[in-house]
Structure formats: structure tokens, C-alpha cells
Amino acid sequence: MEMMGKPEEIIALIEGYTPTDADKALITKAYDFSKRAHEGQLRASGDPYFIHVIATAKNLARYSMDATTIAAGLLHDTIEDGKATEQEIKNEFGEDIFFLVEGVTKLGKVKYRGRERHAESLRKFFVAMAADFRVLIIKLADRLHNLQTLEFVRPEKQRRIALESIEIYAPLAHRLGIGKLKGELEDAAFPFAFTKEYAEIETFLNEKKGISEQNIAVVKSSLERELNRQHIPIVKMSYRIKHKYSLWKKLQRYKHDPDKIYDIMALRVSVPTIEDCYRALGLVHMFWRPVPD
Ligand code: MN
């Protein structure tokens with residue numbers, strides 16, 4: 001029973017871009033292989049090691065990676081931490097997947113020790129060493145889950161990993177054009193890298209009234225209603241609350257003046273034409289007073 005269902009959970013995340021039967025079979029095979037390779041192995045949290053592997057694969061699926069990359073994500077720790085050999089991976093999954101798994105393993109040995117001026121050269125080295133952007137993405141997906149379980153790691157190591165994530169990994173996610181992943185990496189690392197500053201942001205957000213998913217969802221639906229009433233076609237509406245780390249960076253820029261920050265909550269409306277755009281903007285200004293400049 002336990003073997004069933006779970007590869008399907010990963011496959012379900014890529015249903016949107018219609019995986020072929022071969023894709024599904026590959027993910028299932030990598031899943032079963034990895035599960036066996038990590039059998040009996042535990043994470044620092046006491047959880048089965050395999051949970052980390054699934055989380056990494058799910059992150060890759062969320063970022064719309066293909067079945068080969070997801071399979072390599074499932075296998076990424078099988079040689080270094082699990083019981084598999086290089087030859088087994090080559091025989092079972094071929095050269096391409098082996099190349100990815102080996103690349104991720106090598107990349108794991110590059111370490112940032114927290115000296116700012118070396119960050120850029122280390123980033124470059126990292127990219128050169130990855131050789132294939134899929135290796136980088138797997139490493140980023142792996143890192144995101146490691147950050148999400150960082151509380152179980154010893155404190156000196158926590159800070160090193162958190163800083164490395166902010167200085168090296170997050171900027172790479174940004175350059176790869178995956179802004180959401182950048183934000184997730186930074187926010188997961190933030191409390192461990194800058195504990196005091198993180199607490200300040202938490203307090204700041206708690207004191208600022210009205211910042212919530214719920215409030216912005218209400219604004220979204222009332223604007224949607226008005227746009228419909230005026231027959232302004234909507235292509236897409238989306239919203240987000242600013243990531244905490246990027247809010248902190250911005251607060252630093254606007255030294256102690258949180259009132260200067262207007263984009264903690266943002267709502268985006270896409271319409272088909274420029275004319276629709278100005279009509280929508282006019283409508284927005286009818287309901288919410290614009291800020292000069
Ligand atoms: Mn890993």
C-alpha cells in the first residue's frame with residue numbers, strides 16, 4: 001500500500017503539462033529505486049531520509065521541470081548518502097540521469113564560508129561546475145527542503161547553510177528567472193542567517209494592520225466585480241504578499257521609515273489591450289486614492 005500512491009503524488013504535479021506514459025514510468029522507477037537505496041536511513045529530524053528525496057522531487061515538479069530532471073531529483077542522494085553505486089545508476093537510468101546525479105553530488109562539495117567578497121566568484125564557479133542548468137535546479141530544490149528542515153541541524157552549521165543560501169543559491173535562482181524560488185530560499189534561510197532582524201520583521205508585520213492573504217483576496221474579488229460591471233476583460237489577476245527577506249532589504253534602504261513601503265501587498269491585473277489597461281486604471285483610481293509620484 002505504502003509503495004502505491006506516492007509516485008502518483010509527484011506525477012499529479014506535472015499533469016498540467018501532460019506527462020507521457022514513459023515519463024510516469026521513469027518517475028515511478030526512480031521513486032522505487034531511491035526508496036530502496038535510502039531504506040533504514042534517517043534525517044537529522046528523525047524522519048525517514050526518503051522524505052527529503054520526495055520533497056526535492058516535488059519542488060522540481062512545482063517548478064515545471066521534466067521527468068528526467070524529477071527522476072534525477074529522486075536519485076540525487078542515492079550515491080552520496082544512500083546504498084546505490086554509480087554503476088547501478090548508469091545501468092538502470094542511463095548516462096544522462098547519471099550525469100545529473102553526479103553533478104549534484106559534486107556541487108554539494110562547494111562550500112561558502114561567509115566572506116562577502118567571494119560570493120560572486122563562488123557563484124560563477126558554481127554555475128561553471130554545474131555544467132547543465134538542470135543540475136543547478138536540482139541543487140536549489142534540494143537546498144530549499146534542507147532549509148525547511150534546518151531547525152534540526154546544529155547551530156554553527158545552520159548559520160553557514162543559511163548564509164550560503166542567501167549569498168549563493170538565491171541569486172542563482174534569480175538569474176535562472178525563478179523569482180518565486182528565490183523568495184522561498186531567502187525566507188527559509190532568513191531566521192537562521194539574521195535571527196534578530198527576522199524577529200524585527202515579524203513584529204513589524206504584526207503591528208501593521210490589515211496585511212493578510214484574506215484582506216487582499218477581498219480586494220481582488222471586489223475589483224474583479226467592478227471590472228466585470230464595466231465590461232473590462234480580465235486576462236489574469238494575481239496577488240502576493242512581499243517575502244519577508246525582501247521586505248527587510250527594502251526597509252534597510254528606506255532607513256526606519258516603513259511608511260515609505262507601499263508594496264507589502266500587491267495585486268496584479270492583466271487585461272488584453274492598452275485601452276483596457278487605462279480603463280482598468282481609471283476604475284482602480286475611483287476606489288483607491290492614488291499616491292502622488
Ligand atoms: Mn539532498
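Student: Against which helices do the buried residues of H3 pack?

Tutor: In this predicted model, the buried residues of H3 pack against helix H1 (6-13), helix H2 (21-37), helix H4 (67-75) and helix H7 (133-148). Contact here requires heavy atoms within 4.5 Å.

Student: Which residues of H3 are the buried ones?

Tutor: They are Phe50, His52, Val53, Ile54, Ala55, Thr56, Ala57, Asn59, Leu60 and Ala61.

Student: What makes H3 mostly covered?

Tutor: A residue is called buried when its relative accessible area is under 20%. In H3, 10 of its 13 residues are buried, and the helix is described as mostly covered on that count.

Student: How do you know that the span of H3 agrees with what a helix should have?

Tutor: Helix H3 covers residues 50-62, and its 13 residues should span 18 Å at 1.5 Å a residue. Its end C-alpha atoms are 18 Å apart, so the two values agree. Just after H3, Ser64 takes a positive phi of about 55 degrees.

Student: Which atoms coordinate the manganese ion?

Tutor: The manganese ion is coordinated by NE2 of His52, NE2 of His76, an OD atom of Asp77 and an OD atom of Asp142, at 2.1 to 2.2 Å. The cut-off for a donor to this metal is 2.8 Å, so these atoms qualify. Along the chain the donors follow the spacing H-x23-H-D-x64-D.

Student: Where does His76 lie, and with which residues is His76 in contact beyond its neighbours within four places in sequence?

Tutor: His76 lies in the loop between H4 and helix H5 (86-107). Beyond those neighbours, His76 is in contact with His52, Thr56, Val101, Val104, Thr105, Ile138 and Asp142.

Student: What makes the pairing of the side chains of His76 and Asp142 a polar contact?

Tutor: A polar contact needs N or O atoms within 3.5 Å, one able to donate a hydrogen and the other to accept it. The side chains of His76 and Asp142 make such a contact at 2.9 Å. The side chain of His76 also reaches the backbone oxygen of Gly73, at 2.7 Å.

Student: Why is the pair of Arg229 and Glu226 called a salt bridge?

Tutor: In general, side chains of opposite charge can pair when their charged atoms come close. The term requires a side-chain nitrogen of Lys or Arg within 4 Å of a carboxyl oxygen of Asp or Glu. The closest N and O atoms of Arg229 and Glu226 are 3.2 Å apart, so the pair meets the definition. These two residues are three apart in helix H11, which means that about one helical turn separates them.

Student: What does the salt bridge between Lys250 and Asp263 tie together?

Tutor: The closest N and O atoms of Lys250 and Asp263 are 3.2 Å apart. Lys250 lies in helix H12 (residues 244-253) and Asp263 in the loop between H12 and strand S2 (265-270), so the pair ties together parts that are 13 residues apart in sequence. Lys250 is buried, with a relative accessible area of 16%, while Asp263 is partly exposed, with 22%. Both belong to a network of salt bridges that links Arg240, Lys242, Lys250 and Asp263.

Student: How many salt bridges does the structure hold?

Tutor: The structure holds 19 salt bridges. One of them joins Asp132 and Arg134, with the closest N and O atoms 2.9 Å apart, and both of these residues are buried.

Student: How do you know where the buried residues of H13 fall around its axis?

Tutor: In H13, the residues Asp276, Ala280 and Leu283 are buried. Seen down the axis of H13, its buried residues fall within an arc of 60 degrees, and therefore they line one face of the helix. The face turned away from that buried side carries the exposed residues Ile274, Glu275 and Tyr278. Helix H11 (213-229) is included in what covers the buried residues of H13.

Conventions: Residues are numbered from 1 along each chain as its sequence is written. This is a predicted model: local features need pLDDT of at least 70, side-chain atom pairs count only at pLDDT 80 or more; totals for chains, interfaces and linings use all residues. Side-chain values use heavy atoms; hydrogens and water are left out. The expected span of a helix is 1.5 Å times one less than its number of residues. Buried means under 20% relative accessible area, exposed over 50%, partly exposed in between (1.4 Å probe, protein chains only). The arc is that of the directions from the helix axis to the C-beta atoms. Donors are N, O and S atoms within 2.8 Å of the metal (3.2 Å for Na, K and Ca); water is not among the atoms, so sites may look incomplete.
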